[in-house]
There are 2 protein chains.
Amino acid sequence: MRVGLDIGGTKIDAVVLDDDLTAAANVRIPSGRGADGVLASAERAVREVVTTHGASLVEVSSVGVGIPGMVDASTGEVRHAVNLDVEHLALSDELAARIGAPVRVENDVKAAALGAYHLLGLRGSAALLNLGTGLAAGIVVDGCLWRGAEGGAGEIGHIPVVPGGLLCSCGQRGCLETVASGSAVARLWPSETEPPAVALFDAADAGDPRAQQVRRVLAEGVASAVRVLVLTVDVGAVILAGGLSNLGDRLLEPVRDALHEWGGESPFLASLRLAERMRMLPPRLPAAAVGAALVGGSAPVARVEQTGTESRELLEGHPWKS
Amino acid sequence: MRVGLDIGGTKIDAVVLDDDLTAAANVRIPSGRGADGVLASAERAVREVVTTHGASLVEVSSVGVGIPGMVDASTGEVRHAVNLDVEHLALSDELAARIGAPVRVENDVKAAALGAYHLLGLRGSAALLNLGTGLAAGIVVDGCLWRGAEGGAGEIGHIPVVPGGLLCSCGQRGCLETVASGSAVARLWPSETEPPAVALFDAADAGDPRAQQVRRVLAEGVASAVRVLVLTVDVGAVILAGGLSNLGDRLLEPVRDALHEWGGESPFLASLRLAERMRMLPPRLPAAAVGAALVGGSAPVARVEQTGTESRELLEGHPWKS
């Protein structure tokens with residue numbers, strides 16, 4: 001029995017994964033803070049979802065965890081998970097000792113990409129573009145996560161697109177993350193109302209020209225991210241996910257408009273059919289938890305620098321691997 | 001016996017590939033113009049390199065061709081090879097009929113990437129960044145070309161980096177290709193002297209402040225391309241190739257300077273060690289011809305849209321495939 005956890009800044013989603021990739025059971029509990037709090041809440045999430053499933057802990061064959069921050073997929077260590085007040089946590093070893101089953105850890109966006117790919121029945125290559133507090137992508141090729149030489153694949157949020165633009169958390173200026181993310185919206189459209197993105201879109205719909213301008217900046221930023229993914233990796237599909245994707249068509253439409261406008265000026269760009277490759281992650285799909293469960297049930301990631309081989313082997317031998 | 005051709009705008013390089021990936025024989029002849037001219041010169045190149053090798057045509061087991069323009073790797077058709085005055089050419093079928101051996105065709109930059117990867121003994125993932133008339137990259141993962149869903153992987157030359165910048169041949173403005181390519185140099189530093197890039201660098205070295213500014217734009221453009229490749233695909237190595245790479249350290253140094261300067265402002269970027277991943281393709285290495293020979297000796301590319309699987313299968317079964 002494979003268990004998957006999606007540890008977020010406020011809650012943990014846990015699933016028991018069925019053989020057909022549906023969640024046979026799921027629970028949601030608040031996530032703890034700090035290394036000890038995160039560990040305790042992760043253990044509790046596993047125990048609760050297993051109980052909800054009517055099973056016991058000894059039946060758990062593997063646990064996979066998706067978590068924000070810098071994750072070493074080979075050791076299961078987590079660093080700089082700022083939203084969780086975690087500086088360092090040997091999550092894989094510590095949780096495995098408490099659960100009595102092997103635990104594998106993956107960055108949450110990468111886990112979500114893998115989960116979405118399988119839940120949506122995609123083939124070939126796809127990217128999940130996560131528009132959360134930050135902006136990052138997870139890339140999946142032939143059913144396997146593409147991590148890159150050092151685990152940094154998909155960190156497109158730190159590609160500058162506005163020379164001399166706003167200072168990014170990474171130290172550069174005008175990064176994609178400064179124009180197309182939750183933090184970008186909060187910065188460009190400060191609002192008392194939560195979530196700020198809804199306030200922004202409401203104001204834009206009500207005719208506020210500055211809100212319309214900020215919405216345009218956001219839409220073009222998302223469109224730029226899609227363009228970077230297709231021109232570099234040529235992924236067949238780009239799935240928009242993360243907090244901003246809750247806007248649904250309200251976000252999708254202006255992004256499509258921007259892409260079509262660009263395509264009108266560039267037959268080359270139009271030939272790439274960027275807008276057609278884009279879709280929204282359906283709401284309430286537990287993509288990250290399911291993806292984490294898939295990571296948990298996979299072969300270990302080789303700890304070899306600059307090989308890239310690991311991503312190929314990730315899901316080898318699994319029944320759903322085509 | 002595998003033969004590889006690199007068809008350029010002015011000359012064809014042909015090699016007979018040894019089992020240890022060295023060129024057992026090579027010849028260079030002028031390339032013909034138009035579909036008929038290209039075909040005739042390609043046939044002549046194969047015949048001459050085989051004769052030079054002291055062999056006969058019946059011993060040729062496969063021919064691979066790297067050629068600029070839009071290549072359908074599954075059918076071996078070439079379109080819009082502007083430098084060769086070719087609008088359409090069924091190169092694979094036509095050349096196979098003349099040679100009596102199977103012929104496979106690949107985009108020249110992708111072929112060069114594959115050849116460089118194997119000739120340099122690389123492992124894991126790598127990109128060849130071609131700074132020719134245009135700017136494009138070829139991406140190799142675990143010894144296999146990464147073509148992407150529709151063969152467009154690596155077309156990073158058409159990622160805009162200067163909002164409202166110079167008009168690019170693709171119809172967009174401020175693309176990487178408008179700041180970091182041979183055509184960019186010719187446009188930003190028009191010169192009677194050939195090649196214009198040498199004139200530019202000479203003027204910059206002589207203290208011309210405008211030449212120094214153009215050199216800086218070029219270096220930052222190349223650095224931006226490296227940053228895009230690493231932040232998106234996280235390739236372990238980036239090999240600079242193409243006409244501008246003949247500048248050698250004169251180009252490499254200012255690109256490294258730009259990357260180090262950016263790293264000084266961004267610890268995140270510094271942690272990626274972009275400058276250390278970069279290297280020049282050694283001069284006179286017949287990367288594209290050798291890569292073409294490797295493509296020629298590989299399994300056919302499946303003609304399935306949006307699968308991506310083909311890139312994995314490309315070199316399966318070859319002795320040098322780790």
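The following conversation concerns the predicted model shown above.

Visitor: What should I know about the numbering and the model?
Guide: Residues are numbered from 1 along each chain as its sequence is written, and chains are lettered from A and ligands numbered from 1 in the order in which they are written. In this predicted model, local features need pLDDT of at least 70, side-chain atom pairs count only at pLDDT 80 or more, and totals for chains, interfaces and linings use all residues.

Visitor: Where is L84(A) found?
Guide: L84(A) lies in the loop between β6 (77-81) and β7 (86-89) of chain A; strands are DSSP runs of E, at least two residues, and helices are runs of H or I, at least four, numbered from the N terminus.

Visitor: Is L84(A) buried or exposed?
Guide: L84(A) is buried, because 24 other C-beta atoms are within 10 Å. Buried requires 20 or more such atoms within 10 Å, exposed 12 or fewer, and partly exposed is in between, with C-beta atoms placed from the backbone.

Visitor: Which residues is L84(A) in contact with, leaving aside neighbours within four places in sequence?
Guide: They are G9(A), S31(A), R33(A) and V38(A); contact requires C-beta atoms, placed from the backbone, within 7 Å.

Visitor: Turning to the two chains, how many residues of chain A are in contact with chain B?
Guide: 41 residues of chain A are in contact with 41 residues of chain B. Elements giving two or more residues to that side of chain A are α6 (209-233), α7 (249-265), α8 (267-271) and α11 (309-313). The largest share, seven residues, comes from α6(A).
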